[in-house]
Protein chains: 2
Amino acid sequence: MHIICCDLEGVWVPEVWINVAKITGIDSLRLTTRDIKDYDELMNYRLKILKEHNLKLKDIQDVIATLKPLDGAKEVINWIKSVSRLIVVSDTFVEFADPLMRQLDYPTLFCHSLEVDEDNNIIGYRLRQKDPKRQVVKALKSMNYEVIAFGDSYNDVTMLEEADKAFLYKPPQNVIDDYPQFPVATNYDEMKEQLLSMMQ
Amino acid sequence: MHIICCDLEGVWVPEVWINVAKITGIDSLRLTTRDIKDYDELMNYRLKILKEHNLKLKDIQDVIATLKPLDGAKEVINWIKSVSRLIVVSDTFVEFADPLMRQLDYPTLFCHSLEVDEDNNIIGYRLRQKDPKRQVVKALKSMNYEVIAFGDSYNDVTMLEEADKAFLYKPPQNVIDDYPQFPVATNYDEMKEQLLSMMQ
């Protein structure tokens, strides 16, 4: 029996931080791991910016709630759930993902979590574990599932490598160039084709 | 972060084989592990009965599709998905569960599968792994989740024992007597109370 593991942002929903930066007008929130390579440093920088602007968790959730899942995402997710099992694996935080997951009828999401104080200030974050995307695939394989994985970016590669079958979904050109071993799907129809052929 | 693991039949949906027996009028399908202790023997006996009555997978699925989830199941499942993560763990077969899971918007289900030939005859079955309920909890713990589990019967006990926190849901008296260490919930309101206190 197979199970599908996939990324969240860029696959089913828009990139969260970029859109939070856009809507709040706080340009410094646009920085990504391309600008600050160390994730811990980047996250602490983001939390500092939120604090400086006196933005609480609720404020960010309200911004995120104005975002919509990508066109067709909900239908494709429902299709996958009807033909296999789906686990969404993300490096986001459950508190940020929540307003978007609600619009997708809450597919199962494995991700990180925030530390929030009693005044709703975000005071830190908890990564679930090291190399979390690979660990999810390993755990599913320990249950004798054949794992099919897809994602769009560098942080998905360990998940794709650990999976039994994998492809890239709408990756930027540099990811395609660096990982030519993975087939590429560029829209939901091609995603479904890849899944159907890999589920055989 | 916590994750909820629970049983399917008796918790969210009615007992499948008993109802298939009732609707088809084939009394011999009522036998359970109480009558034939060895699960493999019981399943092979059931498959023999289906064959004798010339019942194909589609016929059984049509019968199962006339069943409804238990009253309130969908609402409680949606509530759990909105406050935590939910994995339904069952000793049923994905092909039998499907008509019921559809009515519950397909929560993530880990279970077994059938072998079906090209004429839609059920010719065998594949158990996903040995001690599957315990293995699911172990796999989720390997991802650093705190596992909260509940179920109604003997085949749930390894899952409940392996979980970080656990309770029995609507168990028969003999299960309560044999496992007095587990708290008991007898309806969905009590289930939600148990979950809320264990999610703290």
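This is a short talk on how two protein chains pair up in a predicted model, and on some residues inside each chain.

Thanks for coming, everyone. Let's begin with how the two copies are arranged. If you turn chain B by 180 degrees and shift it 0.0 Å along the axis, it lies on chain A with an RMSD of 0.0 Å. That is the relation of a two-fold axis. Which C-alpha of chain B is nearest the axis? That of Ala139(B), at 2.4 Å. Both copies use the same surface, with 100% of the contact residues of chain B recurring in chain A.

Now the interface. On each side there are 27 residues: 27 of chain B in contact with 27 of chain A. Together the chains bury about 2200 Å², and 60% of that is on carbon and sulfur atoms. How many salt bridges are there between chain B and chain A? The count is zero. Polar contacts do occur there, in nine residue pairs. As for which parts of chain B do the touching, helix H4, strand S2, helix H5, strand S3 and helix H6 each supply at least two residues. By class, that side of chain B has 14 nonpolar, eight polar and five charged residues.

Let's stay with helix H4 of chain B for a moment. Residues of H4(B) that are buried include Ala73(B), Val76(B), Ile77(B) and Ile80(B). Trp79(B) and Lys81(B) are buried as well. Here is a bit of helix geometry to keep in mind: an α-helix has 3.6 residues a turn, so residues three or four places apart point the same way.

Is Ile23(B) buried or partly exposed? Its relative accessibility is 45%, so it counts as partly exposed. Setting aside residues up to four places away in sequence, Ile23(B) touches Val63(B), Thr66(B) and Leu67(B).

Glu161(B) is partly exposed because its relative accessibility is 42%. Beyond residues up to four places away in sequence, it touches Arg134(B), Tyr179(B) and Phe182(B). Its C-alpha is 10 Å from that of Ile148(B), a residue 13 places apart from it along the chain.

Over to chain A, and to charges. Over all chains, the structure holds 22 salt bridges. One of them pairs Asp27(A) with Arg30(A), at 3.4 Å from N to O. Asp27(A) is exposed at 53% relative accessibility, while Arg30(A) is partly exposed at 37%.

Another salt bridge joins Glu162(A) and Lys141(A), again with 3.4 Å from N to O. Glu162(A) belongs to helix H7 and Lys141(A) to helix H6, so this pair ties together parts that are 21 residues apart in sequence. Glu162(A) counts as buried, with a relative accessible area of 15%, whereas Lys141(A) is partly exposed at 29%.

Then there is Glu146(A) with Lys165(A), at 3.9 Å from N to O. Here strand S5 holds Glu146(A) and strand S6 holds Lys165(A), so the pair ties together parts 19 residues apart in sequence. Both partners are partly exposed, Glu146(A) at 29% and Lys165(A) at 26%. Some salt bridges share partners, and these join Asp131(A), Arg134(A), Lys141(A), Glu161(A) and Glu162(A) into one network.

Tyr106(A) is not a glycine, yet its phi is positive, at about 50 degrees. You will find Tyr106(A) in the loop between helix H5 and strand S3, and it is buried at 14% relative accessibility. Lys170(A), also a residue other than glycine, has a positive phi near 50 degrees. Its place is the loop between strand S6 and helix H8, and it is partly exposed at 46%. Finally, Gln194(A) lies in helix H9 and is buried at 18%. Apart from neighbours within four places in sequence, Gln194(A) is in contact with Phe167(A), Pro183(A), Val184(A) and Ala185(A).

Notes:
Residues are numbered from 1 along each chain as its sequence is written. Chains are lettered from A and ligands numbered from 1 in the order in which they are written. This is a predicted model: local features need pLDDT of at least 70, side-chain atom pairs count only at pLDDT 80 or more; totals for chains, interfaces and linings use all residues. Side-chain values use heavy atoms; hydrogens and water are left out. Contact means heavy atoms within 4.5 Å. Buried area is the accessible area (1.4 Å probe) that two parts lose on being put together, summed over both. A salt bridge is a side-chain nitrogen of Lys or Arg within 4 Å of a carboxyl oxygen of Asp or Glu. A polar contact is a pair of N or O atoms within 3.5 Å; within protein, one must be able to donate a hydrogen and the other to accept it, and residues adjacent in sequence count only if both atoms are side-chain atoms. Helices (H or I, at least four residues) and strands (E, at least two) are DSSP runs, numbered from the N terminus. Ala, Val, Leu, Ile, Met, Phe, Trp, Tyr, Cys and Pro count as nonpolar, Asp, Glu, Lys and Arg as charged, and the others, Gly among them, as polar. Buried means under 20% relative accessible area, exposed over 50%, partly exposed in between (1.4 Å probe, protein chains only). Copies are superposed by least squares on the C-alpha atoms of residues with pLDDT of at least 70 in both.
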